[in-house]
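Try each task before reading its solution.

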Amino acid sequence: MKRRPIKIKSLIFALVLLMLVTPFILWKVRPGKSLQIVVLNKTFPVVSSAMGKITKLDYSKQRGLFWLMDSLGIKNPSTKKVYDDTRDYYGNFISSGKLEEKPLNKLAKVPDVIYLSDTYGTGNSKINGIESKGVSGLTEDEVGLIATCYAKGTTVLGEYNIAQDPTKVSVASELSDIFGVKFTGWAGKFFSDLSSKEDVPNWIRTIYEQQYGRAWNMTGAGIVIAGNNRIIILKRGKDFNGNSINLSTVKANDFNTKAIDYYNWFEIIKPKDDKAVIAWYDLNLTTSGTNQMKLFGLGDKFAAITANKSGIKKSYYFAGDFCDYREPAKVYSFLGAANLYKMFSISSEGDNSYFYWNFYVPFM
């Protein structure tokens with residue numbers, strides 16, 4: 001019996017199929033890394049029913065971190081599986097249609113890493129005007145536990161907003177010691193259209209109108225800096241040059257990063273030692289912008305990432321919403337995924353995904 005010749009098209013198809021599935025197979029079979037990583041997050045946009053009960057949480061505030069851990073093959077020692085962004089964290093969960101906190105005050109052992117993603121709260125957590133204890137803000141018990149773990153060698157990473165209202169001043173003071181920074185109370189964000197009621201929060205308009213005694217009539221692109229019940233408006237082309245606030249590491253080659261336009265919320269902090277700064281924000285202010293900032297005792301460059309190291313103690317602070325990833329929830333992991341997504345990401349105004357793939361992922 002004669003063998004049927006293999007068709008060239010079938011062979012090509014098989015090779016292409018093999019090339020497509022190989023990165024997924026290699027990623028699945030490669031050895032994992034077991035690390036005890038504790039994530040604390042209390043800030044979740046919520047979806048509520050017509051009756052006012054919370055039915056769903058938006059995990060975008062920590063999705064970027066969990067995808068990265070999954071991509072690196074980091075596994076939870078307790079479950080022997082990759083970390084799940086809907087379960088494997090401390091902070092707020094849904095219980096009977098309202099938020100309920102899983103407090104960070106009991107750990108079986110000292111973790112390798114504690115990542116403080118956000119503790120501001122959700123904003124819709126009050127039921128009949130009453131909010132459950134610990135739902136918003138970092139508590140004294142939690143910061144006490146963090147400080148103890150930090151002293152025992154746990155690497156602590158923190159992001160904005162963990163130290164501002166509703167976190168108490170005494171708690172923020174302890175965080176200041178852990179991260180080696182002073183929290184000024186100022187924060188800001190770039191807006192493509194200052195007239196947009198959807199993008200610009202109402203509280204910004206309210207403070208502005210109280211401060212200046214006139215209605216909000218801002219248009220065009222600009223950076224809003226807010227703090228201590230004051231508002232500063234920096235208009236693009238008038239008060240600053242460039243697209244937005246610029247972010248760059250001191251030694252780009254060490255972290256495989258490059259200077260990038262940053263569009264998410266950022267925070268103004270003062271490091272205790274400028275040598276501890278790994279990355280800086282630069283507003284690229286004009287004379288007009290510089291004069292505005294001087295009125296409030298502010299400059300044009302701020303620490304974006306700081307490192308605080310002493311002996312076995314290590315901490316890093318990200319003065320911004322760094323792991324916030326609001327793209328589709330299902331981003332596949334495979335060998336080389338981060339590099340591929342980085343290659344095909346496109347820088348566009350107001351888009352935070354380009355920052356995620358080109359700065360956050362390679363930096364981490």
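**Exercise 1. Place Asp118 in the fold and describe its surroundings.**

Step 1: Asp118 lies in strand β9, which covers residues 113-118. Strands here are DSSP runs of E with at least two residues, helices are runs of H or I with at least four, and both are numbered from the N terminus. This is a predicted model, in which local features need pLDDT of at least 70, side-chain atom pairs count only at pLDDT 80 or more, and totals for chains, interfaces and linings use all residues. Residues are numbered from 1 along each chain as its sequence is written, and side-chain values use heavy atoms, leaving out hydrogens and water.

Step 2: Asp118 counts as buried because its relative accessibility is 5%; buried means under 20% relative accessible area, exposed over 50%, and partly exposed in between (1.4 Å probe, protein chains only).

Step 3: Leaving aside residues up to four places away in sequence, Asp118 touches Leu40, Asn41, Lys42, Thr43, Lys61, Tyr160, Asn161, Ile162 and Asp321. Contact means heavy atoms within 4.5 Å.

Step 4: With Thr43, the side chain of Asp118 also makes a polar contact of 2.8 Å. Such a contact is a pair of N or O atoms within 3.5 Å; within protein, one must be able to donate a hydrogen and the other to accept it, and residues adjacent in sequence count only if both atoms are side-chain atoms.

**Exercise 2. Summarise the protein chain.**

Step 1: Count the elements: there are nine helices and 19 strands.

Step 2: Look at burial: 47% of the 364 residues count as buried.

Step 3: Turn to contacts: among those with a separation of 6 or more, 69% join residues 24 or more positions apart.
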